[in-house]
Amino acid sequence: MTGDGKADLLARDTSGVLWLYKGTESATAPYTARTKVGGGWSTYNQLVVTGDLTDDGKADAVARDSAGVLWLYKGTSNASAPFITRIKIGGGWNTYNRLF
């Protein structure tokens, strides 16, 4: 997510806030302290970090809302603002029970 080649972790809390934990590559302390990405993520019932969907060298994410609309979040490689404004991919994705 941060573009440094280390595996990062995203987590959503029960109030819908998304948090980024930057990878350290240390077995005893694998992540740094969390960084708040933002709120409002409880609107999605599925969230997947997909790798680089847009071929720009940055990790992207897709999220599905309760209506089955899939949204693309293009990555920025910036820990404090890892995504740009969402882009609608399309509807009908509620056909699937899980996205990976």
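Visitor: Which residue in β5 stands opposite V49?

Guide: The residue opposite V49 is A61 in β5. This is a predicted model, in which local features need pLDDT of at least 70, side-chain atom pairs count only at pLDDT 80 or more, and totals for chains, interfaces and linings use all residues. Residues are numbered from 1 along each chain as its sequence is written, and side-chain values use heavy atoms, with hydrogens and water left out.

Visitor: How many bridges join β4 to β5, and how do the two run?

Guide: As a general idea, two strands pair if DSSP finds at least two bridges between them. Strands are DSSP runs of E with at least two residues, numbered from the N terminus. Here, six bridges join β4 to β5, and the two run antiparallel. β5 is also joined to β6 by four bridges, again in the antiparallel sense, and in that pairing A63 stands opposite W71 of β6.

Visitor: What lies between β5 and β6?

Guide: Four residues separate β5 from β6, and the two strands form a hairpin. In its turn, G68 has a positive phi of about 90 degrees.

Visitor: In what order do the strands of this sheet stand?

Guide: The order is β4-β5-β6-β7, an open sheet of four strands with antiparallel pairing. β4 (44-51) and β7 (87-90) are at the edges with a single partner strand each, so one side of each has no neighbour in the sheet. From one strand to the next the twist averages 30 degrees; such angles, from 0 to 180 degrees, are taken between the N-to-C directions of lines fitted to C-alpha atoms. Three bridges pair β6 (residues 70-73) with β7, and I87 in β7 is the bridge partner of L72.

Visitor: Which strands make up the open sheet of three?

Guide: That sheet has the order β1-β2-β3, also with antiparallel pairing. Its edge strands are β1 (9-12) and β3 (35-38), each with a single partner, so one side of each is left without a neighbour in the sheet. β1 and β2 (residues 18-21) pair over four bridges, and A11 stands opposite W19 in β2.

Visitor: Why is β5 described as largely enclosed?

Guide: The general idea is relative accessible area: buried means under 20%, exposed over 50%, and partly exposed in between, with a 1.4 Å probe and protein chains only. Six of the six residues of β5 (residues 60-65) are buried, so the rest of the structure largely encloses this strand. D60, V62 and R64 point one way, while A61, A63 and D65 point the other way.

Visitor: How many aromatic pairs does the model contain?

Guide: Rings of Phe, Tyr and Trp (its six-membered ring) pair if their centres lie within 6.5 Å; planes under 30 degrees apart count as stacked, over 60 as edge-to-face and the rest as tilted. The count comes to seven aromatic pairs. One of them joins W41 and F83, whose ring centres are 6.1 Å apart with planes at 50 degrees, so the pair is tilted. W41 lies in the loop between β3 and β4 and F83 in the loop between β6 and β7, so this pair ties together parts 42 residues apart in sequence. W41 is buried at 8% relative accessibility, and F83 is buried at 13%.

Visitor: Which residues form a cluster through ring pairs?

Guide: The cluster consists of W41, Y44, Y73 and F83.
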